[in-house]
Each structure stands twice: as C-alpha cells, then as structure tokens.
Amino acid sequence: MTAVFENEVVTTARVRYLRVPGLAGEIALVTLDNGHDHTRPSTFGPGGLASLDAALDEIAAHTPAPTAIAVTGKPFVFAVGADLSGVPAITSAADAREIAETGHRVFRRLKDSTIPTFAFVNGAALGGGLELALHCHHRTIATTAVVAFPEVFLGLVPGWGGTQLLPDLIGIDPAVTVVVENALAQNTVTPGPKAARLGIADAVFEPADFLERSLEWAVGVLGGSVAVSRPEVDRWAWDAAIERARGIVAARTRNASPGALRAVELLDLARHGVDGEAFTSGTAAEDQALADLLTSDELRASLYAFDLVNKRAKRPAGAPDRSLAREVTKVGVVGAGLMASQLALLAVRRLEVPVVLTDVDQARVDKGVAYVHGELAKLAQRGRLSADRLNRLTGLVSGALDKAAFADADLVIEAVFEEMSVKQQVFAEVEAVVSPECVLATNTSALSVTEMASKLEDPERVVGLHFFNPVAVLPLLEVVRAEHTDDATLATALAVGKALGKSCVLVADAPAFVVNRLLTRFLGEITSAVEQGTPVAVADRALDPLGLPMTPFELLTLVGPPVALHVAERMHEAFPDRFAVGEGLRRMVELGKTSVYSEPGVVDPDLAGIDAGDSPLTEEQVRERAVTAVAQEIRLMLDEGVVQAVQDVDLCMLLGAGWPFWLGGISAYLDRAGVSERVTGSRFLPRGVAGLPA
C-alpha cells in the first residue's frame, strides 16, 4: 500500500496465544491498541491496516495452528473506524480506492479464514471497527459497548463491507435503521444489549469479566456445547426496506447528500448475499463509492464540521481562564413553564445540586415541579435512572413562591415572558436576596442582556445562557457576554454549560445573537417571497438543494409562530432595512395557527391569500435571495464582532439548527457555491479548509 497518513496514530495489532480450559489448542487473541487511553480511540489508517495484516500473517505461520482467532480492543474501545485525520492526504480517486481496497482485503481475511474467527467487542465499535467485527464468524459484546455506522452522518458510506455484511446478518430493514436512519438522527448509537437483540452480536456479557466470559463462550461454540442460531434473512423484504430508506434520505437530506444516496444503493446491492462473487461485487461497489466520496467537497466540509464540534466546541474561543469559575452548589429557576421546567430538569440531572423553581402562583409552581418529577420517573422506568438516584434527584427539586428561596443559590436563571420590563423586575427582585457572588443568567432569545442588567447594582454578574428547544436534545448553548459581564461570571457560565453537557459558543450581546438572527433573516426571505405571490409550496421547497433537516415552514412550526414573530419584531427594531415582519406571520399568531398547513401539502384555509401578491418567484430565485441574505448577514455579524470567527457561526448552525455536517455548517456551502465572493467580495474560509484544495 503506497498511501501514507503523515500524522497517523497507528493502531497496533498485538497477538497473544492463549490456552483456555476446555480447549485442546490455543486461541490467537489479537488486541487492537494505539497506545493511548480511551480518550483517543483506536482507528485504522494505512499503518493500522498493515499491522492487522501482519498479525494475521504471523498467526497463519504459527505452529501449531491456533484453534481460533479472536479480535478485541484496548480498555473501553474496540475500534472506531477509519482514521479521518488522514483524509487530507488522499489527493486522488486512486488514493481513495487504494485505502478502500486495502481495508476490504485485510478484513476479508477474517471472513474467509478456515480457522473460526471471533470478535470480542469490549467497547465502542464504530464504522470500520464494526465492519471488522462483522467480518468475524462470531461476535460477543459488552453491555457497556456501543455500535454505530456514523458514515452517512459525515457524508460517507460504510466502505469496508458494512453495507453488505450487516443486511445479510440482521435483515435489510434493521440494517437500514442502523446505517441510514440512526446516522441521520444525529448519529444515534446502538447499545450493546440492543445490538445483541438485533443479531449484530451473538452473546452479551458484563464488562467486569468480559474477556474471560467471551473466551469461555468461544470454547463452547468450538466444542459444540453452545449453539449459535441466526434467523433466516427475508429477501422478499428488500424492496419495502429500500423504499423506506429512500424516504428517510429524502425527508432528512432532501436528497442532497451524496453519501446518503450512495449508502441506499449499496444496501440495495446486498440483497444478493455475501457468498463468493456477490460479496466481491458488493465490496467493489463500496470501493467505487469511497473513491468518489473521499475526493468530494462535501466530505471535506463534513470533516471541517467534525473538527469544529470535536475540538473548537470543547474550548470556546474567547473564553476567560477556567480557574475563575465559581462553584455552583444550588440553582434557582425563575419561572415554572415548559422552558423553565426543562432547564430545571437538565440542571438537576447534570449538576445533581438542589434546584428550586419560583413563579407567580402556587399552581404554576406545582405544575413545574411535577413536570420535573414526572420526567425523572420516566427516565427511571426506561432504566436510565436507578431507584436510589431517582429518589435523590427528585428530592433535590422543589418550588417556592418567595424568591427568598434563592438566598443561598450560586446561579439563578430566568425563563419568564420575553418582555424587557418583566425581566428587569425579576432580576431586581432576585438581586435583592442573593449573595454578591451569585450569577444571574437569562435565557432570552433576542432581548439585550446589557439592557436587562442596566438597572442592577452589580450588572457584571449578569450573563446570557441561550438554550435551544428541546433543551435535552439540542447541544448548543450560546453564552452571551453583556457590556459589563465580568470574567468570573463568564467563566462560571461556561463551566456550568460544560457540566450540563452543552457545547458552548461565546457570543456578543447583539440582537438575537447568532442562530436566531440567521434563521430569522433566512426565514424572512421565504415569507417575503410568499407575500410577493410565490406559492407556499414553491417557497417551501426552494431550499431543498441545500439538504437542510427541515423545510422553512417545518422550521417555523418547530420554533412556533409566536416566538418567530417576537424575534422578527426585535430584529426589525434593530435592523429595519434588512428584517421585515411579515403580515402572514402576524396572521398566523392572531389565529393561533402552529403551521401554514392544515394537512401535509395543503395550506390552511384560514390562511388563504397569504400568497396573493402579483410578483411570484421561482424556486431558484427564492433560494438565491435566501443564501444572498445569509451571506450578507454573516459578514455583518463578523464585522460587528458578534463571534470570534466564522467558525463559531458554523458551529452554532451545526449544533443549534441541526444543519448537516456535509454542508459544513453554512460558510463552506456559501464559499463552494460562489455566494460569499459574489455578495461580500471574499470567501469566508481559506480555500481547502472545508473543501478540496485548489
């Protein structure tokens, strides 16, 4: 193999020959280990594949021949697939094909082995790691392990046999779920016990003695005392499952993701089985898919996004020294509505400190506390909380009418009605009872945090913590530094955000911050086109070529017309020349409508006439206006210093708006499409950062 990844952390395949009670011969145990702890999982680049190949050569030459070959991983990790850090070294389709063919050749040695092969999946097995396991004849898995194919999420395909082996093992419909549906659902992983129920693994054991139990089980299989039964794959189910896969791809990517489309094609090929020429043909198609995708702009944009989420999000740009953060031992939440209750639930689960909610009357307080208690009970029913932990967390959540209950709180966050005077009054009441070190946070989506703090004695203690709904799902937290916010407050807010499991982006106190500002400008162009006379259906599908997770009017339904109207009004006040308030949106709110549609594809009769203008646009014209507006707004935000760099804008759109990795957030797409230079005079990112080199 000629391709070399310059900075590859090589995963070494170490071989030991074990004598196990009850077995006449030896088991050759191959352990995959890159020399780092679990925080740097084992991956496969050219060096790692060569090491595994050499280990199998050594086993083949060993005398006497072992009775079986087993592969396992270092503590907590089996292997997590290809070394994506080496992708920039792949500069041609020939390089990409070589990597694909090498992986197939090395892994296939386990499938074609005349000696029984086992995979002992002791920890995370993702992508190529799972594919290696699938090539083995038998598999055990730890209860704490997880498996997944994240490739489609990244704009790739499982390219080392996964699209062919998995459907043949567990059936096409569950394979569609694992390969396509889970990947496009924010990279959902499958826990070990569920993987065993699906048939991905033949046996599941606890981690404490996983290797010992797996070896005993393998001896039973080899000796015939353990029978491995697998259901017959229903070949007649293929057409329906592939149609379902196409529907998922269409709904979640608007058919704009090359990787997702290719994955479905490869799964369809697997209907011919994995024996002989059928498997060779299927893996050859995987080789071609990888050769095409590894040299695409979309993949480079995806890897740029992956790097942002896994590196930049963990070290927020512009953050003060972490040592300035104060300890948070109690949290107060002002408000007991749905958003406030979600915040209280997240705080008690993640921080495990007392959380107290207040509101204007006892009924609302009781409802909010009951919501948190009820959600904790549901988690326990699903096995995600033990009985002891349920009791402990439930006991930590309480309610009160008097804000004096916040006297010993270290952090108080308000989530009340989006009205400046109301929020100022709330903060004044809280400041009167809390300690001088207590951090006051607002979850406002559009109001000025600086103005909110302006009437306080200590405005430096106020910070914005803008969560996204649903709080438990969306990972972004916009941390807003107001004019007087001091470093200790900011450090505490960022530390709390991290403890809550959120990815924090530091933003300036500008109207609507980042995500809401861009989405409002974006959505405003769509609604404006409708008011000009563009049919709702035309405007709603105009952005399909971008492959966004929702159409504009699906997004409006998710956000909620009242919230969208509130933000639009605030943005119009701040920037009247760029942000309009659509009459159609006002009408929706007045009528209490949550969607422009009464049923899929049918405009609500009560909203008839919202597209009655006489200057309709085509889909292309609507799309052009929308991306032009977004490019302009991003440049203005950068000029205003709303974020440290354009990478933070992309990070916000990836994590707060669910924009796909293979789009690269937004700036990579605007650069690739030539919009950035046309609108702003320059690219947002240097050439080659989120696309192919020039």
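The structure is a predicted model, in which local features require pLDDT of at least 70 and side-chain atom pairs count only at pLDDT 80 or more, whereas totals for chains, interfaces and linings use all residues. Residues are numbered from 1 along each chain as its sequence is written, and side-chain values use heavy atoms, with hydrogens and water left out.

The chain contains 26 helices and 20 strands, where helices (H or I, at least four residues) and strands (E, at least two) are DSSP runs numbered from the N terminus. Its radius of gyration is 28 Å, close to the 26 Å given by the globule rule for 694 residues, so the chain is as compact as a globular protein of that length; the radius is taken over C-alpha atoms, and the rule is 2.2 Å times the number of residues to the power 0.38. Along the principal axes, the C-alpha trace spans about 85 × 60 × 45 Å. Of the 694 residues, 54% count as buried, a term that means under 20% relative accessible area, with exposed meaning over 50% and partly exposed in between (1.4 Å probe, protein chains only). Among the contacts (heavy atoms within 4.5 Å) with a separation of 6 or more, 75% come from residues 24 or more positions apart.

Helix H1 covers residues 46–61, and its end C-alpha atoms are 23 Å apart, in agreement with the 22 Å that its 16 residues should span at 1.5 Å a residue; the expected span is 1.5 Å times one less than the number of residues. The buried residues of H1 include Leu-49, Leu-52, Leu-56 and Ile-59, and the buried residues of this helix pack against strands E1 (12–19), E2 (26–33) and E3 (68–73) as well as helices H2 (93–111) and H3 (128–135). In the loop between E2 and H1 lies Thr-43, which counts as buried at 15% relative accessibility and, not counting residues up to four places away in sequence, touches Val-9, Thr-11, Val-80, Gly-81, Ala-82 and Asp-83. The loop between H1 and E3 holds Pro-64, and the peptide bond from Thr-63 to Pro-64 is cis, with omega near -5°.

Strands E1 and E2 also pack against the buried residues of helix H7, as do strands E5 (117–121), E7 (138–142) and E10 (203–205). Among the buried residues of H7 are Phe-210, Leu-215, Trp-217 and Val-221, and the helix is followed by Gly-224, whose phi is positive, near 90°.

Val-515 belongs to helix H18 (residues 515–531) and is buried, with a relative accessible area of 1%. Its C-alpha atom is separated by 6.2 Å from that of Met-653, 138 residues apart along the chain; leaving aside neighbours within four places in sequence, the contacts of Val-515 include Phe-468, Leu-476, Cys-652 and Met-653. In the loop between strand E18 (503–508) and H18, Ala-512 has a positive phi of about 65° although it is not a glycine, and this residue is buried, at 0% relative accessible area. Asn-255, likewise not a glycine, has a positive phi of about 60° but is partly exposed, with a relative accessible area of 41%; its place is the loop between helices H8 (238–253) and H9 (258–269). A cis peptide bond, with omega about 0°, joins Asn-469 and Pro-470, the latter in the loop between strands E16 (462–467) and E17 (476–481).
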